[in-house]
Amino acid sequence: MTVRTPHAAAPAVAAKPSRLEVRLAAGSGEIDAAQALRYRVFHDEMGAALTGGVPGRDVDAFDAACDHLVILDHEAAPGGAVVGTYRLMRRSMAERCGGFYTATEFDIAPLLAHPGELLELGRSCVDPAYRTGATMQLLWQGISAYILRHDVALMFGCASLPGTDLDALAPALAYLHRNHLAPQALRARALPDRRVDLDPLSVRAASGDEVAARFEPRAGAAGLPPLLKGYLRVGGFIGDGAVVDHAFNTTDVCLIVPMDALSGKYARHFLHRVG
């Protein structure tokens, strides 16, 4: 398989003097390994119906235009085994491939109008054996270094909640709508033909008692994936509406993180300058 990488010999985004290292993929071999990891997580583990046409790989038309952040375990294989990955696309990269992936699910015109560099985050996954706080810390450090290097003004992407059962996801979706809706100037919206209301508990309520019984803020927050919780803690928002992605067996919201909104200890942690 041939995959074009925008940086054939990409410098390290961040490095740790241990068995794990986080940096940009250095060539097609590491991108291929990242795509294989994505396949194992999205297809084998989560039941996604992938249509990229490459056996054992999650591949799409956006991959060739992106940077691929990878976590390598140097003790697992010669040269390092890819055990985590994140796809990163800046504004100039999106222009080369016809737009951002997020635009296939959401109207992101308000985000495109935002001044400065944009960064779309996507296709994040970690091998099950490495889903620890230390691995998550490395991902944060890698993204932070990339943001600082490219002077990113706004991050965004499709944040996925596992599953497509809207009744089961209703508390989490309602929590996001009531507590983390983006301001109007940044409020991307789910495409009309794919839109699902973010607050179904209010819209479909048969009675106030039923709503009270089904919605409890702490329960809604508890149902969010850890990575999404992290973005919300540093000042992230959610766009208007959700999209059910049957191919990936997920329900997606548009995550929006303006850099000037980062605040407090979480912001200092997120933008930790790494060597």
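**Entry 1: His 150**

I started with His 150 and skipped its neighbours within four places in sequence; it is in contact with Arg 90 and Glu 117. Contact here means heavy atoms within 4.5 Å. A note to myself: this is a predicted model, where local features need pLDDT of at least 70 and side-chain atom pairs count only at pLDDT 80 or more, while totals for chains, interfaces and linings use all residues. Residues are numbered from 1 along each chain as its sequence is written, and side-chain values use heavy atoms, with hydrogens and water left out.

I found His 150 in helix 4. Helices (H or I, at least four residues) and strands (E, at least two) are DSSP runs, numbered from the N terminus. His 150 has a relative accessible area of 22%, so I wrote it down as partly exposed. The scale I used: buried is under 20% relative accessible area, exposed is over 50%, and partly exposed is in between (1.4 Å probe, protein chains only). I also looked up Leu 118, which is 32 residues from His 150 along the chain; their C-alpha atoms are separated by 9.3 Å.

**Entry 2: the whole chain**

I counted 10 helices and 10 strands. Of the 275 residues in the chain, 52% are buried. Then I took the contacts between residues at least 6 apart in sequence: 74% of them join residues at least 24 apart.

**Entry 3: cores**

I looked for nonpolar cores, meaning sets of buried Ala, Val, Leu, Ile, Met, Phe, Trp, Tyr and Cys residues joined through side-chain atoms within 4.5 Å. The largest one has 66 residues, and Leu 111, Met 155, Leu 228, Tyr 231 and Val 253 have the most contacts inside it. Strand 6 (residues 152-162) gives the largest share of this core, seven residues. Another core of 14 residues lies apart from it, with Ile 31 and Val 70 among them.

**Entry 4: Glu 30**

Is Glu 30 buried or exposed? Its relative accessibility is 16%, so it counts as buried. Glu 30 lies in helix 1 (residues 28-45). A polar atom of its side chain is 2.8 Å from the backbone nitrogen of Ala 26. Beyond its neighbours within four places in sequence, Glu 30 is in contact with residues including Arg 23, Val 70 and Val 82.

**Entry 5: rings**

How many aromatic pairs does a search of the whole structure find? It finds four. Rings of Phe, Tyr and Trp (its six-membered ring) pair if their centres lie within 6.5 Å; planes under 30 degrees apart are stacked, over 60 edge-to-face, and the rest tilted. Phe 100 and Phe 156 have ring centres 5.0 Å apart and planes at 80°, so I noted an edge-to-face pair. Phe 100 is in the loop between helix 2 (91-96) and strand 4 (106-107) and Phe 156 is in strand 6, so the pair ties together parts 56 residues apart in sequence.

I also checked charges over rings (NZ of Lys or CZ of Arg within 6 Å of the ring centre and within 35 degrees of the ring normal). Arg 87 lies over the face of Tyr 101, 5.8 Å from the ring centre, and the charged end of Arg 123 sits over the ring of Tyr 101, 5.3 Å from its centre.

**Entry 6: cysteines**

I looked for disulfides (pairs of cysteine sulfur atoms within 2.5 Å), and the count came to zero. The sulfur of Cys 158 has its closest cysteine sulfur in Cys 254, at 6.3 Å, which is too far for a bond.

Note on methods. Polar contact = N/O pair within 3.5 Å; in protein donor to acceptor, adjacent residues only side chain to side chain.
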